[in-house]
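Welcome! Open the structure in your viewer, and we will walk through it one selection at a time.

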Amino acid sequence: MTNKKRVTFGSRLGVILATVGCAVGLGNIWRFPYMLGVNGGAAFLLVYAICIVVLGLPVMITEFFIGRHSRKNAAGAFKVLAPGTKWIVIGYNGVLAAFLILGFYFVVAGWTLEYILQVVTGSLTGKTAVEFASDFTRFSSGIFRPIFWTVVFTALTHIVIVPGVKKGIERASKILMPVLFFILIVLCIRSATLPNAGAGLSFLFNPDFSKIDSSVILSGMGQAFFSLSVGMGCLITYSSYFGKETHLQKTAVQVTILDSLVAILAGIMIFPAVFSFGIEPTVGPELVFITLPNVFSQMPLGTLWSLIFYVLLALAALTSTISLHEVATAYVHEEYQMTRSRAALVVSAGVLVFATLSSLSLGVLKDYTIFGLTFFDFLDYVTTKIMLPFGGMLICIFVGTQIDRKILKAELTNQGTVPFYFFNTYAFFIKYIAPVAISIVFLNELGLIEWIRRMF
Ligand code: PHE
């Protein structure tokens, strides 16, 4: 079953950093604050935090099990563990999700490159909050510029993907993460000491429970899955490159803590500034892009800080696009016997078509909607709120019902050489709690629970 020749990550630190690199990205710094703003502030933070602990972490450990045990990509893993069964659908769901996520992720990642250019050319300084906002809208709803940056970002990802896992991903993540933490902390301090910062901190940390409804719960769950990169086999693919001595549960806990920390730091960096500069917290995807330039303009050496920040944001996005691309590329490469470079090309070209459409859907194509959503929002909705939780649920049910407990325990304890104190609790969670909880959130969003309540 084990394929001995599979490349593995070079070091223990490399394992953690590469996985954190996959998890930490635009999801934490761009999507988390904007979702929190749209979904009523601290109430969302609470739902998100609960979902991270109750669903995200157990699913992550389970993906690590599947990946390292099978040593295959997200779809191939199920062919090894459950040959000839329908469980392979988990793999397909994941590969498709990776593809669709890239369809909007590359667009936002492209925006970070535009901002780097604007910092370098000096056009991001000396404006009012209103001008920052209107300039962003003009740019993102345009045709040529955002598509150009989307293409550039796709090409960058492509270049890293082709030579393969070890050289690209690991090397990049090692330098990136520590610097990212440093700059986030500096920006948090600046933001939290602005006038009226308290209102932002209270919006972020002081929950108004009346804000919690089915859509906030679904959004919080979706954000937890998206941010941790779980539910779509990304971590199956990554952990298939883990060495046999990698401590799976510990790695999962470390990655979860670091990822959540980055999201919370992003919140502390954004919301005091949002309230200080009179920006609406509910504006949506542009929140980070219109808030931060105001913060930088209030800092000594603001241009330098903003340059470092946008470069890091682009690189954090890159370590995530690499992992998403890797899921699709590894699948095409291994399952269709294509060379790696040809597989990567197929994926890049296909994703670009989707990404171009989703970029245009913020401007000229904004009236073409699917279920009332622009193409950009539609891709985001189906992947984060449906495909990832659905995939996560199936992953739990699969391992909970199809895998022998002894095999599960042996893999998660490195054949009994490291302890797993809460193994029984974990096994109970993935078999019962996670699938039931995710189903309830889905039913709730569909209004079925409300409907049943009214019936009785
Ligand atoms: N977790 C990444 C982020 O926060 C996005 C991602 C999702 C990456 C799913 C891989 C798989 O930006």
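Start with helix α19, which supplies 5 residues, the largest share of the nonpolar patch. Helices here are DSSP runs of H or I with at least four residues, numbered from the N terminus. A word on what you are viewing: this is a predicted model, in which local features need pLDDT of at least 70 and side-chain atom pairs count only at pLDDT 80 or more, while totals for chains, interfaces and linings use all residues. Residues are numbered from 1 along each chain as its sequence is written, and side-chain values use heavy atoms, leaving out hydrogens and water.

Next, select α18 (423–445) together with α19 (448–455): each gives the patch at least two residues.

Zoom in on Val436, in helix α18. Val436 is partly exposed, with a relative accessible area of 47% (partly exposed lies between buried, under 20%, and exposed, over 50%).

Now move to the ligand. Which residues are closest to the ligand? They are Ala23, Gly27, Tyr105, Phe226 and Ser229, among the 15 that surround it (a heavy atom within 4 Å).

Show distances next:

- Tyr105: a polar side-chain atom is 2.5 Å from a ligand oxygen.
- Leu26: a backbone N or O atom is 3.2 Å from an oxygen atom of the ligand.
- Ser229: a side-chain N or O atom is 2.8 Å from a ligand nitrogen.

Finally, select the ligand alone: by itself it exposes 330 Å², and the protein buries 100% of that.

Technical notes
Buried means under 20% relative accessible area, exposed over 50%, partly exposed in between (1.4 Å probe, protein chains only). A polar contact is a pair of N or O atoms within 3.5 Å; within protein, one must be able to donate a hydrogen and the other to accept it, and residues adjacent in sequence count only if both atoms are side-chain atoms. Accessible areas come from the Shrake-Rupley method with a 1.4 Å probe; for residues, only the protein chains shown count as cover.
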